[in-house]
Amino acid sequence: MRKIMYYVHQSLDGFIEGPNGEFDWAELGPELGEYSMELTERADTFLYGRKVWELMSSYWPNAESMNPDEHAVAFAPVWRTTPKVVLSTTLESADWDTRIVRTAEEIRAIKDAPGKDILLTGSATVAAALTELGLLDEYHVIVHPVILGGGKPVYQPTGRRTLRLAETRAFDGRTVLLRHDLV
């Protein structure tokens with residue numbers, strides 16, 4: 001069965017965006033970029049909530065012209081060709097080989113279909129809904145050395161879940177991976 005991997009960047013104090021919605025604090029060094037690509041290679045579907053979809057679809061189609069760093073050059077063509085799913089009740093249409101689903105339950109059918117793993121990036125609300133349904137299998141949390149003092153929390157739990165620490169790793173002498181699996 002396919003796994004759903006939740007890949008998220010958070011501040012040391014547990015936020016995925018600052019008090020004003022800013023996400024200008026996350027730094028992707030070469031080692032973290034390589035890890036990100038490893039997760040991408042495991043997946044044949046990218047999963048987003050509406051807000052993250054809007055950010056991704058405004059950047060990745062033309063990323064090479066906006067940011068010529070090594071990660072952007074490597075990831076942009078992968079993003080453009082990988083099928084995407086957006087969980088949203090408000091998004092009316094989406095391009096770039098994107099399917100819109102309206103309920104978290106619809107994700108179960110996608111997960112049960114044959115294929116490689118599914119990569120959920122950011123989207124704390126989607127992660128909470130999928131966690132509640134027991135559909136998230138792996139949590140790949142990248143902790144950045146910044147304190148935001150407020151904002152949107154990385155987790156919005158609806159109940160207790162027991163996780164098993166599967167891996168820790170430091171990247172670029174700056175960020176730390178905390179990977180947990182659902183027990």
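## Surroundings of Trp 79

Leaving aside neighbours within four places in sequence, Trp 79 is in contact with Phe 46, Tyr 48, Trp 53, Met 56, Ser 57, Trp 60, Pro 61, Lys 84 and Trp 96. The model described here is predicted. One of these contacts, Lys 84, lies over the face of Trp 79, at 4.4 Å from the ring centre.

## Aromatic pairs

A pair of aromatic rings is described by the distance of the centres and the angle of the planes. The structure holds 11 aromatic pairs. One of them joins Phe 23 and Trp 25 in an edge-to-face arrangement, with 5.1 Å from centre to centre and 75 degrees between the planes. Phe 23 is partly exposed, its relative accessible area being 44%. Trp 25, with a relative accessible area of 8%, counts as buried because that value is under 20%.

Another pair, Trp 53 and Trp 79, is stacked: the centres are 5.8 Å apart and the angle between the planes is 20 degrees. This pair links distant parts of the chain, since Trp 53 belongs to helix α2 (residues 50-59) and Trp 79 to helix α4 (residues 70-81), 26 residues apart. Both Trp 53 and Trp 79 are buried. Elsewhere, one aromatic cluster is formed by Phe 46, Tyr 59, Trp 60 and Phe 75.

Strand β4 (residues 84-87) is covered on both faces. Lys 84 and Val 86 are on one side, Val 85 and Leu 87 are on the other, and all of these residues are buried. Lys 84 is also the residue that lies over the face of Trp 79.

Strand β3 (residues 43-49) runs parallel to β4, and four bridges join the two. Within this pairing, Leu 47 has Val 85 of β4 as its bridge partner. Strand β5 (residues 98-101) also pairs with β4 in the parallel sense, over four bridges. Here Val 85 stands opposite Arg 99 of β5.

## Nonpolar cores

Which residues touch the most other members of the largest nonpolar core? They are Trp 60 and Trp 79, and the core has 24 residues. The elements that give two or more residues to this core are β1 (4-11), α1 (30-42), β3, α2 and α4. A second, separate core has 23 residues, among them Ile 4, Tyr 6, Ala 127 and Leu 135.

Conventions
Residues numbered from 1 in each chain as written. Predicted model: local features only at pLDDT ≥ 70, side-chain atom pairs only at ≥ 80, totals over all residues. Heavy atoms only, no water. Phe/Tyr/Trp six-rings, centres within 6.5 Å; stacked < 30°, edge-to-face > 60°. Buried < 20%, exposed > 50% of the residue type's maximum accessible area, 1.4 Å probe, protein only. Lys NZ or Arg CZ within 6 Å of the ring centre and 35° of its normal. Pairing = 2+ DSSP bridges. Core = buried A, V, L, I, M, F, W, Y, C linked by side-chain atoms within 4.5 Å. Contact = heavy atoms within 4.5 Å.
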